[in-house]
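Welcome, and please open the model in your viewer. We will go from one selection to the next, with a few words on what is there.

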Amino acid sequence: MSIRYLRYVAAVIAAWALAGAALAGVETSVPAGAGTVASGKTADGESGPSPTAQGKNSGMVWVAAPGRVEPVSEEMRLGFDIAGKITDVLVEEGDAVRRDQVLAKLWDADLRAAVAAAEAALAAREAELEKILAGARSMERKEAQAALAEATTVMRQAKIEHERRERLLAGEVLAPEEADRAEREYLVSRQRVEAARQRFHLVDDPSRSEDIKRAWAQADEARASLDRAKAYAAKAEIRSPIDGVVLRKHRRAGEMVSVSFDTPVVTVGDISRIRARADVDEKDIAKVREGQRAYLVADAYGERKFWGTVFRVAKILGRKNVRTDDPAEKNDTRILEALIDLDEPGLPVGLRMDVFVIVEGGPDGKNGTLSDGRQAP
């Protein structure tokens, strides 16, 4: 039976005696330092002081609430974005980790193959783009120019032969068929010259703008496919989002993970500074605000007090976060979260503590000294 419980029993008996005396019409006096007591639960599940109470002989009024210690970064449960088999978990509980450090890996041979295929496709598209931008090679230009010169020479010879046969035909010393054949050869040679000229211009002119745009688009598409393959392959690794410590190792190498349900592999947190998350009862939320001093106690540390400052108060009510092992505990209590930044590190993450937010007559400094120089209770 704890000292807190004995104090509570004594306070309840005194309250019943005062109530009985009031009903009997007897005047009573209450000591100036006494506080009101109501039914409440502390972080360890035992009955304790009401959410609002006054410190004995100190003039200090506080709001009591259950709380839990957490890292300044909160607890980050890290898992994989894809399903698969874990091949490596590279850290153990308590290990210090750096931001972007690899913590665990999945089997990823198929993902690496997809990345290699995307890299090859990109290389092919980039080569095609370079070819279009560079245009024809000098040897291709020379070949087209030579073909044009050859066709021009043949056309000239065919023209001379055609003119000669036209004269012979006019002197009636040549059959008309021979003159027609010479004319046909001349006309064909002219068409061949025109085709060679167009071929030379096609090779010699720069690439068309639409061909260049298409080649750029195909290269960009291949590059995007590579980025997508790399991004998917990166999902086979868990990297630390912060500088911190591994708080819990949930999975081992060889285990399967799924995205259908919550399967964290490790939990990390920054414990260079710690804070407490307190559940302030709904009827006391108007008394708690940022900047107020608070102290925390836990049975594991006896009478030792851990001081801190309220640095954030939630803007919305919710369900309680800190629960005890009492099966009769009400879980539908409406609370307002208050975060207390503790002055010193060292408390284990997850420790349930009783939080006392000082709303009147609080200490001036971080050592719990009251404004009149006395030590806070």
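Start by selecting strand β11 together with strand β15 (residues 334-342): seven bridges join the two, which run antiparallel. Strands here are DSSP runs (E, at least two residues), numbered from the N terminus, and two of them pair if DSSP finds at least two bridges between them. Within this pair, look for Val-280, which stands opposite Leu-336 in β15.

This is a predicted model, in which local features need pLDDT of at least 70 and side-chain atom pairs count only at pLDDT 80 or more, while totals for chains, interfaces and linings use all residues. Residues are numbered from 1 along each chain as its sequence is written, and side-chain values use heavy atoms, leaving out hydrogens and water.

Now show the surface around β11 (residues 274-281): seven of its eight residues are buried, so the strand is largely enclosed by the rest of the structure. Buried means under 20% relative accessible area (1.4 Å probe, protein chains only).

Move on to an open sheet of four strands, in the order β3-β10-β8-β5, with antiparallel pairing. Its edge strands are β3 (76-78) and β5 (96-97), each pairing on one side only. Then select β8 (residues 244-249) and β10 (residues 266-269), joined by four bridges; Lys-249 stands opposite Val-266 in β10.

Finally, colour by pLDDT, the predictor's confidence in each residue, from 0 to 100. The chain's mean is 79, but pLDDT stays under 50 over residues 18-50. Where pLDDT is low, the predicted coordinates should not be read in detail.

Terms used. Buried means under 20% relative accessible area, exposed over 50%, partly exposed in between (1.4 Å probe, protein chains only). Contact means heavy atoms within 4.5 Å.
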